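Thanks, everyone. I have one structure to go through today, so let me put it on the screen.

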Amino acid sequence: MSGGEVAGILVAVFWAILVSFLALALVRLAQTLKAATRLVAEVTDQAVPLLSEASATVREANTQLARVDSIAADVQEVTSNASALSSTVSTAFGGPLVKVAAFGYGVRRAIGRKGRAEDAPAPARTVVVGKTLPSARRGGRRNRGSKG
């Protein structure tokens, strides 16, 4: 056998091995494609009902949102009515109630002063040099300017 014949046999064996590996790869690729086709078909079969259920759920949610919207509008109207009623009641009864409370306070103070013995000395007051009273306690009704 010559060198050319040996080389030819080696090339033939190499090509046979190469063709068998390519055939094996093609068979595996065909199996993978069949499995992928089956998987896509199953996903499609399951996805269509899920999409229809999701669509029904979205429609129902829109219906509920419309109801909530009308409820919110009613609550806003009730809130504005309550605010108007509150301001009306405050206007109608606020002034007279303040006057009654001020009158009651004055009567209590007058009774408290009258209840003290007229001979009894006024309670002792402590004066601390350098201290000032808070603005709410400074002066009395007599020192309020033009309101007196």
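I'll start with a single side chain. Phe 14 counts as exposed, because its relative accessibility is 52% and the cut-off for exposed is over 50%. Keep in mind that this is a predicted model.

Which residue does Phe 14 pair with? The structure holds one aromatic pair, and Phe 14 forms it with Trp 15. A pair of aromatic rings is described by the distance of the centres and the angle of the planes. Here the centres of Phe 14 and Trp 15 are 6.3 Å apart and the planes stand at 70°. That makes the pair edge-to-face, since the angle is over 60 degrees.

Now the overall fold. The protein has one helix and zero strands. Helix α1 runs over residues 3-115, and Phe 21 lies in it. How much of the protein is buried? Of the 148 residues, buried ones make up 0%. The accessible surface comes to about 13,700 Å², with 65% of that belonging to carbon and sulfur atoms.

Next, the nonpolar surface. One patch is formed by Met 1, Val 6, Ile 9, Leu 10, Val 13, Ile 17, Phe 21 and Leu 24. Together these residues have about 830 Å² of accessible area. Phe 21, one of the patch members, is exposed because its relative accessible area of 56% is over 50%.

Last, the annotation. UniProt, in an unreviewed entry, lists residues 6-29 as "transmembrane region". In the model, residues 6-29 are 100% helix and 0% strand.

Technical notes:
Residues numbered from 1 in each chain as written. Predicted model: local features only at pLDDT ≥ 70, side-chain atom pairs only at ≥ 80, totals over all residues. Heavy atoms only, no water. Patch = residues over 30% accessible without salt bridge, like charges linked within 9 Å, V, L, I, M, F, W, Y side chains within 5 Å. Areas by Shrake-Rupley, 256 points an atom, 1.4 Å probe, with all protein chains shown as cover. Salt bridge = Lys/Arg side-chain N within 4 Å of Asp/Glu carboxyl O. Helix = DSSP H or I, 4+ residues; strand = E, 2+ residues; numbered from the N terminus. Buried < 20%, exposed > 50% of the residue type's maximum accessible area, 1.4 Å probe, protein only. UniProt positions renumbered as here; feature names shortened; annotations may be inferred. Phe/Tyr/Trp six-rings, centres within 6.5 Å; stacked < 30°, edge-to-face > 60°.
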